[in-house]
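Reader: I would like to learn how to read a helix in its surroundings. Could we work through one together?

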Amino acid sequence: MTDGWFTETLHRGYGQSFEIVETLVRERTPYQDLTIFQTRALGRVLVLDGAVQTTEADEFYYHEMIAHLPLFSQERARRVLIIGGGDGGTLREVLKHPSVEQATIVEIDARVVELSREHLPKLSNGAFEDPRTHLIIGDGTKFAEESADTFDAIIVDSTDPIGPSIPLFEEPFYRSCAKRLDGRGVLIRQAGVPFFQAGEYRDTHRMLSNVFRDCTVALVPVPTYCGGHMALALASDDPENLNCGRASLDRRFSHAGIETRYYTPEIHDAALALPAFMKKALQSSPPTS
Ligand code: SAM
């Protein structure tokens, strides 16, 4: 951070910069460097270890897609597990679904939850106080391995594979998630920006394909995840889910009566279309088991 500007350091040799009006938090938590600042252009911004997590201006692109893609891919999801997501944006979107009876959120860093609630209250918008929310401060890898609970959807809203989130990008974690889904339901995880993070994108799909019967990728062009599209990898053991089709999406969306700013059934369908180079990258990394 220099001269009132913050430049992201996620990608080598390329960055995006924000003009800062005021720095609200700068803290070393037990897990990561956490910064929240007010920008001139995009509202407040949450940064972890130099990587932009979310901005008030464009957070709805990502949070709506990571929540509604898995929940509208099936009928009436009741029990949802979020791993990471301590800012509360994904939780807010999950709880919009009237079918959801319980949303368990497992976030490793209590400070992300506390400071987001204090300085970014619009993100969770009361979601942490919802009686359906069950907040666990702990490691998502351990929870997926040791819990006996099962879920209709698992949403892995983690940081990039740096520090505590590295095991969340490995196959043993996906195997634990498959057990938690119990043959049904849908897993979604952020799989990086393929333009800059080709390896993360390809490896995520390959590992998920080793574990689940059906895997696909959806794209969302979040303005402040620089490099174009962000990939959201989807996986399920029930082939009905990821191929449910427009008619089911339309019916489920209208039945749920949810207000959105980015997600629509048309966008859901369109997000599954991949540019040629992204398709090819997945074909060149078939399952290894
Ligand atoms: N939307 C964001 C993005 O893609 O940049 C992710 C937002 S959310 C703030 C990511 C959260 O994952 C962080 O709060 C981090 O503490 C949490 N996290 C990282 N590793 C974790 C783990 N092993 N278990 C649970 N949460 C974890």
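Predicted model: local features only at pLDDT ≥ 70, side-chain atom pairs only at ≥ 80, totals over all residues.

Reader: Is helix 6 (residues 171–181) largely enclosed by the rest of the structure or largely open, and why?

Author: Residues are numbered from 1 along each chain as its sequence is written, and side-chain values use heavy atoms, leaving out hydrogens and water. Helices (H or I, at least four residues) and strands (E, at least two) are DSSP runs, numbered from the N terminus. Buried means under 20% relative accessible area (1.4 Å probe, protein chains only). Helix 6 is largely enclosed because eight of its 11 residues are buried.

Reader: Which residues of helix 6 are buried?

Author: They are Glu171, Phe173, Tyr174, Ser176, Cys177, Ala178, Arg180 and Leu181. As a general idea, an α-helix has 3.6 residues a turn, so residues three or four places apart point the same way.

Reader: What covers the buried residues of helix 6?

Author: The cover includes strands 6 (79–84), 9 (153–157) and 10 (186–190), along with helices 5 (140–146) and 7 (198–211).

Reader: What follows helix 6?

Author: Aspartate 182 comes next, with a positive phi near 55°.

Reader: And how many helices and strands does the chain have?

Author: There are 11 helices and 12 strands. Of the 289 residues in the chain, 57% are buried. Among contacts (heavy atoms within 4.5 Å) between residues at least 6 apart in sequence, 67% join residues at least 24 apart.

Terms used:
Buried < 20%, exposed > 50% of the residue type's maximum accessible area, 1.4 Å probe, protein only.
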